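Good morning. Please look at the model on the screen while I go through a few residues.

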Amino acid sequence: MMGSRLLLAGALCLAALPATAQDQFEEVRDWLGRMAESMREQDYQGTFIYVRGDDVETIQMTHALVDGVLQERLVAVSGPPREIVRSGDRVSRSVHGPGEAEASPALTGTVFPEFSVEMLDRARDRYVFELAGGGRIAGHEGQKITITPRDGYRYGYELWLERQSALLLRWVLYDANRRALAKLMFTDLATGDAVDKSRLDGARDTPLVPVAAPAPSLAATSGAGELLTGMDLPPGFELAAHSRDPGAAGDQHLVFSDGLASVSIYIDQSRLDDVPDGLVRMGTTNAWSRRSDRHRVTAVGEVPPVTLKRFGMAFLKSPID
């Protein structure tokens, strides 16, 4: 009898223990799936602050579906007056005042994380996924999520998602030393019927142009992976897409993914001198490039420089045909 009681007490203690970080992967994946859907399909409007190094930008954003078509307007309220207007797959950029100011990552909306939920299983062994409490941001209750890399070949993420809708409230990208590389936070956020769609009006005299063609989609490849056998690639990254330039023999584009982060590899035989050698930092995105006698290899991604260099050197030593 005493033994049975001890077993029951032990079972109750185990049941009371918090779930391990790895056990929370499924829950985190569900949150990220809801976030992707909400950021795409819900109506929302607010002001966010984007911090990258010493640069701080404040952007007003309105995002809504109008007659089934995505409409979006981003207006800079700090720095030079600028705005971006999107309608479906078309976009315009407007600069008010003298001179041409380049659109920043915050203004073009490229600072919002985009995770492929279908590929997250690949990331399971390379990151620790945790639900890490919550907090109040921009007047909304948020759920905090941490995604911590297990090695130095990838960055980490902290996300705060609105508890009801899973809309993104705050986002931090950090390196292996927990140093923040970039931060984004909404200071106010309205949703649903509270969105003032009249704010979508603007820059109507600026012609809309098609959005640039996207990189190859992250989809399963067939056969191409055999070309990479024996190459010294960063651990955890798998070939996700592979395309060749029909207009330039020998030029190729490969996309690798670890389930969260992705790296694009460009192999150029026709444009050897278009890109300088070495590392270039573009916000939170890095690029590494070097040429050999026959081709140039350029690696680009939101990953640490060591990751890009290892990719680049592997393809310089063992180019694929």
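Which side chain does a polar contact join to that of Arg86? The partner is Glu72, and the contact between the two side chains is 2.4 Å. A polar contact is a pair of N or O atoms within 3.5 Å; within protein, one must be able to donate a hydrogen and the other to accept it, and residues adjacent in sequence count only if both atoms are side-chain atoms.

Some background. This is a predicted model, where local features need pLDDT of at least 70 and side-chain atom pairs count only at pLDDT 80 or more, while totals for chains, interfaces and linings use all residues. Residues are numbered from 1 along each chain as its sequence is written, and side-chain values use heavy atoms, leaving out hydrogens and water.

Back to Arg86, which sits in strand β4, residues 82-87. Strands here are DSSP runs of E, at least two residues, numbered from the N terminus. Arg86 has 18% relative accessibility and so counts as buried; buried means under 20% relative accessible area, exposed over 50%, and partly exposed in between, with a 1.4 Å probe and protein chains only. Leu74 is twelve residues from Arg86 along the chain, and their C-alpha atoms are 8.8 Å apart.

Next, two loop residues. Asp67 is in the loop between β2 (55-66) and β3 (69-76). Its phi is near 55°, a positive value in a residue other than glycine. Ala166 is in the loop between β8 (156-162) and β9 (168-174), and its phi is also positive, about 70°, although Ala166 is not a glycine.

Which of these is buried or exposed? Asp67 is exposed, at 78% relative accessible area, whereas Ala166 is buried, at 0%.

Methods
Helix = DSSP H or I, 4+ residues; strand = E, 2+ residues; numbered from the N terminus.
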